[in-house]
Amino acid sequence: MRFGNPRHHRRSLDSTNDLARELAAGGAPQGTVVTAEEQVAGRGRQGRSWTAPAGKALLYSAIVRPLEQRHLVLPLAAPLAVAEAAEEVADVSCAIKWPNDVWIEGRKCAGVLIEARPQDGWAVIGVGLNVSIEPDEFPEELRETATSLGADATVDAALEALNDSLTRWTRADPQEVLAAFRDRDALRGQEVSWADGSGVADGVDERGNLIVETLDGERLALGAGEIHLGPPSGP
C-alpha cells in the first residue's frame, strides 16, 4: 500500500508523531500519514525540539505495519527516502549523516525520528523537511548549520515525492538499503566523536550500526547515540 492513503492533515499540531502514534495504537492501517502546517511541540532525537515557520516545511509522520525482518534497517531506509524525495523536487544533492540527518552541502535540511512499538507490530516514521525556509527565518543559532530545499520547491510536491520514495524504500531488500545508504554516507572517512570516545567513521554494518576505528586501532559498532564531526571539544 502506498503511503498517504489515508492522510490526516491538521493546520496545527503539537507533534505529527504524537497523533500518528495514537492512530497506530487505535489500529490505523499501513500507509497512514499525518501532516501539519505547523507543530508547536515538534521533537527530534535526543529530546531536541523541531520548529519551522508555518507552511514552509514538510511536517510528516507515517505508520508502518506490520513490522517485518526487513524493517531492521528502517532507520536507514527512512532517511534514504527523504534524500531521494528532496532530490526529486529540488536541484540538490543529498548526503546522510548517520543515523538520520539529511544534509545538503554539509547543512541539515531534514531529520527523521522513528518511534516503534515492536510488541504491537508498528512503527511511526517522523520527518521534518525544510522546504522553503529563508536563511533569516531560521533561529540565529541554526543559520550556519541548517538549510532548505529552496524557494522553488513546494510542500505539496515534497509530500507526494516522499510518499512515493518511502513506499519504495520501506519495501526494499535490506542489502539494497545498505548499499544505497553507503553511497550517501556523509561520515565515512571522517573523524568523529561521541560521548565515550573518538575515531574515524568506516561505514555501517549489516544491522545499520556505525563502524568507527579508534586511534588505537579498535573497531567499534555504535548502535545509538549522538555523533559529532571532528575530535572531542573541551577537556
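Which strand is Lys 97 found in? We'll get to that after a look at the whole chain.

## The overall picture

What you're looking at is a predicted model. Its protein chain folds into four helices and 12 strands. The radius of gyration is 17 Å, close to the 18 Å that the globule rule gives for 235 residues, so the chain is as compact as a globular protein of that length. Along its principal axes, the C-alpha trace spans about 50 × 45 × 30 Å.

Buried residues come to 48% of the 235 in the chain. As for who touches whom, take the contacts with a separation of 6 or more: 64% of them link residues 24 or more positions apart.

## Helix H2

Helix H2 covers residues 74-89, which makes 16 residues. From its first C-alpha to its last it reaches 23 Å, close to the 22 Å expected at 1.5 Å a residue. Quite a few of its residues are buried, including Leu 74, Leu 76, Pro 79, Leu 80 and Val 82. Several alanines are on that buried list too, among them Ala 77, Ala 78 and Ala 81.

## Lys 97, a buried charge

Back to the opening question: Lys 97 sits in strand S4, which runs over residues 94-97. Lys 97 is buried, yet has no salt bridge.

What does Lys 97 have around it, then? Leaving out residues up to four places away in sequence, Lys 97 touches Trp 103, Ala 186, Leu 187 and Ile 227. With Ile 227 there is a further detail: its backbone oxygen lies 2.8 Å from a polar atom of the Lys 97 side chain.

How values were computed:
Residues numbered from 1 in each chain as written. Predicted model: local features only at pLDDT ≥ 70, side-chain atom pairs only at ≥ 80, totals over all residues. Heavy atoms only, no water. Helix = DSSP H or I, 4+ residues; strand = E, 2+ residues; numbered from the N terminus. Buried < 20%, exposed > 50% of the residue type's maximum accessible area, 1.4 Å probe, protein only. Lys, Arg positive; Asp, Glu negative; His and termini not counted. Salt bridge = Lys/Arg side-chain N within 4 Å of Asp/Glu carboxyl O. Polar contact = N/O pair within 3.5 Å; in protein donor to acceptor, adjacent residues only side chain to side chain. Contact = heavy atoms within 4.5 Å. Expected span 1.5 Å × (residues − 1). Rg over C-alpha atoms; globule rule 2.2 N^0.38 Å.
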